[in-house]
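The sequence and the structure come first.

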Amino acid sequence: MVDKEFLDTLVTTICPYIQTEQLANVKMQLDILLHDYDVKKMTTELTVYQGDVNHEMLVRFLRAKVVKGCTKRTVGFYQTECSKALAKMGKPYNEVTPDDIRYLFALRMRRDGVTRTTAGNEYRALSAFYSWLQTEEILIKNPMNKVDPIRPLKQKKKAFTQMEIEKIRAGCRTKREQVIIEMMLSTWCRITELVNIKIADISDGKCIVLGKGNKEREVYINARAQIAIDMYLKERKDTNPYLLPRSVSVCGSIKLKRMFQCDWYKYPEYVDPDRPMDKSSVEGLVRGIGRRVGVEKVHPHRFRRTGATMALRAGMPLIQVSKLMGHENIATTQIYLDISDEELEAAHVKYVI
């Protein structure tokens, strides 16, 4: 296997002959091409892979995450990504080297074509597994410590403009769609938080939501969202406790299917008695409204960025914006904000002597 120091030296040597922005790609390609070589082609005897060893250790790791209080979704993420990574490297966990890990992610991005964001998420899961192994003193050395983190390319993400917001509002065809849009604009809820709100939880213009890490926080519902909820609930005749219930499957005539797609929630027989609307259904509905009115890149998370950005522009302190978003670290909030160069220039003129 190629030593990392040697690879860095090789890349530095050829640096003057290629464009700087291509260095990372060249290094990644060399990682792939030279993986099976030392001074000469490697002829190693592979250790017989015993998958049950990895499985046993992974179960212990996941159990520790459950005890720590990680959500079912987070534990599932760790299970999926760590299992895939260990299977692709084809070695027991305690024989994996930094080179094996570099090679894995080089192939994921070059051969499989995954984005840096996806590869970064996979890296994060594997890193959590090996950090746990080291903390528990199952392994003395953590191979992930010698592998550079995979960071996504930083792209400036835009909030909606006021005109886009009004177009989206005007594009709602049902009271249910209005509730979804107004609640996202008012509460800045994550989509998983929104679908789990129960009608009984809403009181005096606020409600408690369960956020990341099973942490509760209070969110606030403005007058526009409250009116939308009241009008929507007057159309509901079912007993489902959730603000946004799930539907039951509908078969039959074209007329019935059209009704089902738009305002099925008005008919108790088409409303699931117990379960909330699923995340993907809300995402699809919101994207559909965007296509309907000609607004690009309409997705639930963008409403969080929009709410935070507009509040900051209106003068809300950053610490309060951070609290409303449910962030523990103010630096996380700053990533969300869409502040233009013109706004920064205006602020400089106003505040800097």
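How are H7 and H13 oriented to each other: parallel, antiparallel, perpendicular or oblique?

## Basis of the report

This is a predicted model, in which local features need pLDDT of at least 70, side-chain atom pairs count only at pLDDT 80 or more, and totals for chains, interfaces and linings use all residues. Residues are numbered from 1 along each chain as its sequence is written, and side-chain values use heavy atoms, with hydrogens and water left out.

## H7 and H13

H7 and H13 are oblique to each other. The angle at which H7 packs on helix H13 (residues 300-313) is about 130°, and their axes are 12 Å apart. Axes are lines fitted to C-alpha atoms, for helices over the stretch in contact, and angles run from 0 to 180 degrees between N-to-C directions. Angles under 35 degrees count as roughly parallel, over 145 as roughly antiparallel, 65 to 115 as roughly perpendicular and the rest as oblique. Helices (H or I, at least four residues) and strands (E, at least two) are DSSP runs, numbered from the N terminus.

H7 and H13 form a left-handed crossing; the term applies if the near helix is turned anticlockwise from the far one by less than a right angle, and right-handed applies if clockwise. In H7, Gln 162, Glu 164, Ile 165 and Ile 168 meet Arg 302, Phe 303, Thr 306 and Met 310 of H13. Contact means heavy atoms within 4.5 Å. By class, the contact of H7 with H13 has 4 nonpolar, 2 polar and 2 charged residues. Ala, Val, Leu, Ile, Met, Phe, Trp, Tyr, Cys and Pro count as nonpolar, Asp, Glu, Lys and Arg as charged, and the others, Gly among them, as polar.

## H5 and H6

Helix H5 (residues 98-110) packs on helix H6 (residues 116-135) at an angle of about 155°, with 10 Å between their axes. H5 is therefore roughly antiparallel to H6. The crossing of H5 and H6 is right-handed.

On the H5 side, Ile 101, Phe 105, Arg 108 and Met 109 meet Arg 116, Ala 119, Glu 122, Tyr 123 and Leu 126 in H6. The contact of H5 with H6 divides into 6 nonpolar, no polar and 3 charged residues.

## Nonpolar cores

The largest nonpolar core has 37 residues, and Ile 180, Met 183, Leu 194 and Phe 303 have the most contacts inside it. A nonpolar core is a set of buried Ala, Val, Leu, Ile, Met, Phe, Trp, Tyr and Cys residues joined through side-chain atoms within 4.5 Å. Buried means under 20% relative accessible area, exposed over 50%, partly exposed in between (1.4 Å probe, protein chains only). Elements that give two or more residues to this core include helix H7 (162-170), helix H8 (175-187) and strand S1 (206-210). H8 supplies the largest share of this core, 6 residues.

Leaving aside neighbours within four places in sequence, Met 183 is in contact with Trp 188, Leu 194, Ile 197, Ile 221, Ala 225, Ile 229 and Leu 243. Another core, of 34 residues, lies apart from the largest one; among its residues are Val 75, Tyr 93, Val 114 and Ala 119.

## Two single residues

Arg 190 lies in the loop between H8 and H9 and is buried, with a relative accessible area of 10%. Not counting residues up to four places away in sequence, Arg 190 touches Gly 211, Lys 212, Arg 217, Arg 304, Met 325, Gly 326 and His 327.

Thr 332, in helix H15 (residues 330-336), counts as partly exposed at 32% relative accessibility.
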